[in-house]
Amino acid sequence: MPTIYQDLFQFSSHVPLIDLSFHQYLLSADEPLLVHTGNIQQATALVPRLKAELKDKVLKYIFISHFEADECGGLTHILDHFPEAKPVCSEVTARQLGGFGLTNEVIIKKPGEELNAKDFTLEFFSYPSEMHLWEGLLAKESQRGIFFSSDLMIRFGEADGTVVESIWQTEINNIRAEQVPDPDQRTKLQQTLGRLNPRFVAPGHGPCLKLL
Ligand SMILES: [Fe+2]
Ligand SMILES: [Fe+2]
């Protein structure tokens with residue numbers, strides 16, 4: 001399977017009923033990183049594909065941007081197959097994972113902190129995404145310039161392996177009130193993102209974006 005950008009693999013499925021694609025990503029670094037597990041059905045389909053791409057590498061990290069079925073519903077199944085992998089998430093997400101009995105072994109990150117692996121660096125930003133606007137995380141891989149936008153910067157339609165061109169500031173401006181309903185938090189998020197300079201957006205849904 002070809003990568004979608006540098007050493008980033010995308011695993012995708014499309015749900016016709018809502019015409020939405022769902023992606024998980026594998027950053028095939030020395031210390032491999034999975035971005036989202038998919039829900040349980042998606043994770044079940046993902047495991048053999050992940051094993052095929054990982055070959056003899058051991059999955060080390062699982063980034064979870066927020067607590068929702070398509071972002072981490074398949075976590076137990078993934079951990080059954082990759083028991084050495086550690087979820088990386090916000091404090092609120094960690095509380096949910098523990099509360100639902102999924103796992104207590106997580107790496108908690110705060111906005112502004114980084115995850116420094118052997119050959120990638122994730123920087124974290126606040127993502128008011130959970131129920132009650134609780135804090136999730138967005139992440140940018142700073143060596144390759146990949147922004148993992150989760151449920152932001154998304155589009156409907158089939159999008160398996162699809163990359164379209166876009167402009168970073170346009171994507172930021174298009175973050176809608178339904179996505180971050182609190183106007184102050186939305187403005188703050190847009191200001192924070194405006195200071196970043198990624199080259200590629202890997203969203204949870206819809207085409208990836210090659211930034212011009
Ligand atoms: Fe979500
Ligand atoms: Fe999602």
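Mentor: Start with a cut-off: a residue is buried when its relative accessible area is under 20%. Keep in mind that this is a predicted model.

Glu 71 is the place to begin. Its relative accessibility is 1%, so Glu 71 counts as buried. Glu 71 bridges the iron ion (ligand 1) and the iron ion (ligand 2). The two ions lie 3.2 Å apart.

Take the iron ion (ligand 1). Its donors are His 66 through NE2, Glu 68 through OE, Glu 71 through OE and Asp 151 through OD. They coordinate at 1.9 to 2.6 Å. Along the sequence, the donor residues follow the spacing H-x1-E-x2-E-x79-D.

What about the geometry? Four donors count as tetrahedral if all angles lie between 85 and 135 degrees. Here the four donor atoms subtend angles of 82 to 136°, so the arrangement is irregular. For reference, the ideal angle for four tetrahedral donors is 109.5 degrees.

His 66 has 2% relative accessibility, so His 66 counts as buried. Glu 68 has 38%, so Glu 68 counts as partly exposed.

Next, the iron ion (ligand 2). Asp 70 (OD), Glu 71 (OE), Asp 151 (OD) and His 205 (NE2) coordinate this ion, at 2.1 to 2.2 Å. The spacing of these donors along the chain is D-E-x79-D-x53-H. The angles among the four donor atoms run from 84 to 176°, and this site is irregular. The pair Glu 71 and His 205 links distant parts of the chain. Glu 71 sits in helix α2, and His 205 in the loop between β12 (200–203) and β13 (208–211). They are 134 residues apart. At 4% relative accessibility, His 205 counts as buried.

β12 and β13 lead us to a sheet. Seven strands form an open sheet, in the order β7-β8-β9-β10-β12-β13-β11, with mixed pairing. β7 (114–116) and β11 (163–166) stand at its edges. Each has a single partner strand, so one side of each is left without a neighbour in the sheet. Neighbouring strands of this sheet are turned by 25° against each other on average, direction ignored. Within the sheet, β8 (residues 121–128) and β9 (residues 135–141) run antiparallel and are joined by seven bridges. One bridge pairs Pro 128 with Glu 135 in β9. Helix α6 (residues 183–194) lies across β8, β9 and β10 (146–150), at about 160° to β8.

Back to α2, the helix that holds Glu 71. α2 (69–72) is among the elements that cover the buried residues of α4; others include α3 (75–81), β5, β6 and β9. Those buried residues are Val 92, Thr 93, Ala 94, Gln 96 and Leu 97. Helix α4 (residues 91–99) lies across β5 (86–89) and β6, running at about 135° to β5. Gly 101 follows α4, with a positive phi near 75°.

β5 and β6 belong to another open sheet. Six strands form this one, in the order β1-β2-β3-β4-β5-β6, and the pairing is mixed. β1 (8–15) and β6 (107–108) are its edges, each with a single partner strand, so one side of each has no neighbour in the sheet. β1 pairs with β2 (residues 20–27) in the antiparallel sense, over eight bridges. Helix α1 (residues 40–54) lies across β1, β2 and β3 (33–35), at about 155° to β1.

How values were computed:
Residues numbered from 1 in each chain as written. Chains lettered and ligands numbered in written order. Predicted model: local features only at pLDDT ≥ 70, side-chain atom pairs only at ≥ 80, totals over all residues. Heavy atoms only, no water. Donors = N, O, S within 2.8 Å, 3.2 Å for Na, K, Ca; no water. Tetrahedral: all angles 85-135°; square planar, octahedral: opposite > 155°, others 65-115°. Buried < 20%, exposed > 50% of the residue type's maximum accessible area, 1.4 Å probe, protein only. Pairing = 2+ DSSP bridges. Helix = DSSP H or I, 4+ residues; strand = E, 2+ residues; numbered from the N terminus. Contact = heavy atoms within 4.5 Å. Axes fitted to C-alpha atoms, helices over the stretch in contact; angles between N-to-C directions.
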